[in-house]
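Q: Please take a close look at one part of this structure and walk me through it. Start with the whole, then go down to single side chains.

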Amino acid sequence: MEQEFYRGLAHRVRTIAERADPFTRRRLLDLAKRYDAKGGQASRSSPPERPLPLPRTTPATSIFSGPGEA
């Protein structure tokens, strides 16, 4: 019963991903794969996707910072 639940979630997430922008689609398809794994189903074969970029390690400079500010 739990397997059916996760398979249903994976199907719904894939349906939503069809109408999403590319960034959101990648994230939703990744989520669907995780639901498939929990449901005991082998993940569907899909083309390899580019990994998400790593976050910046240095903070962005503020346009409001200037001399004399603390």
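A: In this protein, 41% of the contacts with a separation of 6 or more are between residues 24 or more positions apart. Keep in mind that the model is predicted. The protein has two helices and zero strands. There are 70 residues, and 16% of them count as buried. The accessible surface is about 6300 Å². Carbon and sulfur atoms hold 58% of that surface.

Which residues of α1 are buried? They are Tyr6, Leu9, Ala10, Val13, Arg14 and Ala17. These residues cover an arc of only 135° around the axis, so they sit on the same side of α1. Turn to the other side of α1, and Glu4 and His11 are exposed there. What covers the buried residues? The cover includes helix α2.

Thr15 also lies in helix α1. Its relative accessibility is 29%, so Thr15 counts as partly exposed. The cut-offs make this clear: buried means under 20%, and exposed means over 50%. Thr15 also gives a distance across the chain. Its C-alpha atom is 10.0 Å from that of Ala32. Along the chain, Thr15 and Ala32 are 17 residues apart.

Next, charge. Side chains of opposite charge can pair when their charged atoms come close. Here the count is two salt bridges. One of them joins Arg14 and Asp36. Their closest N and O atoms are 2.6 Å apart.

Compare the pair formed by Asp30 and Arg34. Their side chains meet in a salt bridge, with 3.2 Å from N to O. Both residues lie in helix α2. They are four residues apart, about one turn of the helix. Asp30 has 39% relative accessibility, so this residue counts as partly exposed. Arg34 has 48%, so it counts as partly exposed as well.

Phe5 and Tyr6 form an edge-to-face pair. Their ring centres are 5.3 Å apart, with 70° between the planes. Why does this count as edge-to-face? The angle between the planes is over 60 degrees, so the pair falls in that class. Phe5 has a relative accessible area of 47%, so it is partly exposed. Tyr6 has 15% relative accessibility, so it counts as buried. Ring pairs also bring in Tyr35, linking Phe5, Tyr6 and Tyr35 into a cluster.

One side holds the buried residues, including Tyr6 and Arg14. Helix α2 is part of what covers them. Arg14 is a salt-bridge partner of Asp36. Tyr6 belongs to the ring cluster with Phe5 and Tyr35. Glu4 and His11 are exposed on the other side of α1.

Technical notes: Residues are numbered from 1 along each chain as its sequence is written. This is a predicted model: local features need pLDDT of at least 70, side-chain atom pairs count only at pLDDT 80 or more; totals for chains, interfaces and linings use all residues. Side-chain values use heavy atoms; hydrogens and water are left out. A salt bridge is a side-chain nitrogen of Lys or Arg within 4 Å of a carboxyl oxygen of Asp or Glu. Buried means under 20% relative accessible area, exposed over 50%, partly exposed in between (1.4 Å probe, protein chains only). The arc is that of the directions from the helix axis to the C-beta atoms. Contact means heavy atoms within 4.5 Å. Accessible areas come from the Shrake-Rupley method with a 1.4 Å probe; for residues, only the protein chains shown count as cover. Rings of Phe, Tyr and Trp (its six-membered ring) pair if their centres lie within 6.5 Å; planes under 30 degrees apart count as stacked, over 60 as edge-to-face and the rest as tilted.
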